[in-house]
Amino acid sequence: MIEIIFDKEKNRAVVYNNTIQVGECDFLETEDYWNITHTEVNDEYQGQGIARKLVECIIENAKKENKKLIAECSYAKKILEKYGKV
């Protein structure tokens with residue numbers, strides 16, 4: 001079962017298949033914004049929309065925390081542009 005967990009303490013969203021971590025999306029936090037720095041999904045899980053879901057998880061939680069978003073990660077930057085977040 002694929003499950004995405006937001007881990008605020010470690011500044012990331014992580015995706016698990018049962019107990020195995022298969023991807024993550026990391027961000028750096030400043031006072032005003034979160035900077036998504038890295039998104040990665042294991043090769044065998046690519047092409048399933050998991051990376052997009054990880055970035056969407058960060059977007060959703062940034063809204064809850066009232067944080068603006070930027071992205072050094074090129075993939076996350078494309079998603080933020082799609083959602084009009086940059």
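Start by selecting Asn18: at 55% relative accessibility, Asn18 counts as exposed. You are looking at a predicted model. Asn18 sits in the loop that links β2 and β3. Check its backbone torsions: phi of Asn18 is near 60°, a positive value in a residue other than glycine. Most residues other than glycine have a negative phi.

**The hairpin**

Step back to residues 2-7 and 12-17. These are strands β1 and β2, which run antiparallel and are joined by six bridges. Pick out two of the pairs. Glu3 has Tyr16 of β2 as its bridge partner. Asp7 is bridged to Arg12 of β2. Now select the turn. Four residues lie between the strands of this hairpin. Asn11 is in the turn, and its phi is positive, about 55°.

**The sheet**

Five of them form an open sheet, in the order β1-β2-β3-β4-β5, with mixed pairing. Look at the edges: β1 and β5 each pair on one side only. Neighbouring strands of this sheet are turned by 25° against each other on average, direction ignored. Strands of a sheet pair through backbone hydrogen bonds, either parallel or antiparallel.

**Helix α1**

Select residues 50-65. This is α1, with 16 residues. From its first C-alpha to its last it reaches 23 Å, close to the 22 Å expected at 1.5 Å a residue. Orient the view along the sheet: α1 lies across β1, β2, β3, β4 and β5, and runs at about 160° to β4.

Which residues of α1 are buried? Colour Ile50, Ala51, Leu54, Val55, Cys57, Ile58, Ile59, Asn61 and Ala62. An α-helix has 3.6 residues a turn, so residues three or four places apart point the same way. Next, show what surrounds the buried residues of α1. They pack against β1, β2, β3 (20-29), β4 (33-41), β5 (68-71) and α2 (74-82).

**Helix α2**

Move to residues 74-82, which are α2. Two packed helices are described by the angle between their axes and the distance between the axes. The axes of α1 and α2 come within 10 Å and cross at roughly 65°. The crossing of α1 past α2 is right-handed. Which residues make the contact? On α1, select Ala51, Arg52, Val55 and Ile59; on α2, select Tyr75, Ala76, Ile79 and Leu80. Colour this contact by class: it has seven nonpolar residues, no polar ones and one charged.

**The loop after α1**

Go to the end of α1. Asn66 follows the helix, and its phi is positive, near 60°. Asn66 is not a glycine. It lies in the loop between α1 and β5. Is Asn66 buried or exposed? Asn66 is exposed, with a relative accessible area of 71%.

Finish on Lys67, in the loop between α1 and β5. Is Lys67 buried or exposed? Its relative accessible area is 18%, so Lys67 counts as buried, the cut-off being under 20%. Show its surroundings, leaving aside neighbours within four places in sequence. Lys67 is then in contact with Glu29, Thr30, Glu31, Asp32, Tyr33, Trp34 and Ala62. One of these, Ala62, is already coloured as a buried residue of α1.

Methods. Residues numbered from 1 in each chain as written. Predicted model: local features only at pLDDT ≥ 70, side-chain atom pairs only at ≥ 80, totals over all residues. Heavy atoms only, no water. Pairing = 2+ DSSP bridges. Helix = DSSP H or I, 4+ residues; strand = E, 2+ residues; numbered from the N terminus. Expected span 1.5 Å × (residues − 1). Buried < 20%, exposed > 50% of the residue type's maximum accessible area, 1.4 Å probe, protein only. Contact = heavy atoms within 4.5 Å. Axes fitted to C-alpha atoms, helices over the stretch in contact; angles between N-to-C directions. Left-handed = near helix turned anticlockwise from the far one by under 90°. Nonpolar A, V, L, I, M, F, W, Y, C, P; charged D, E, K, R; others polar.
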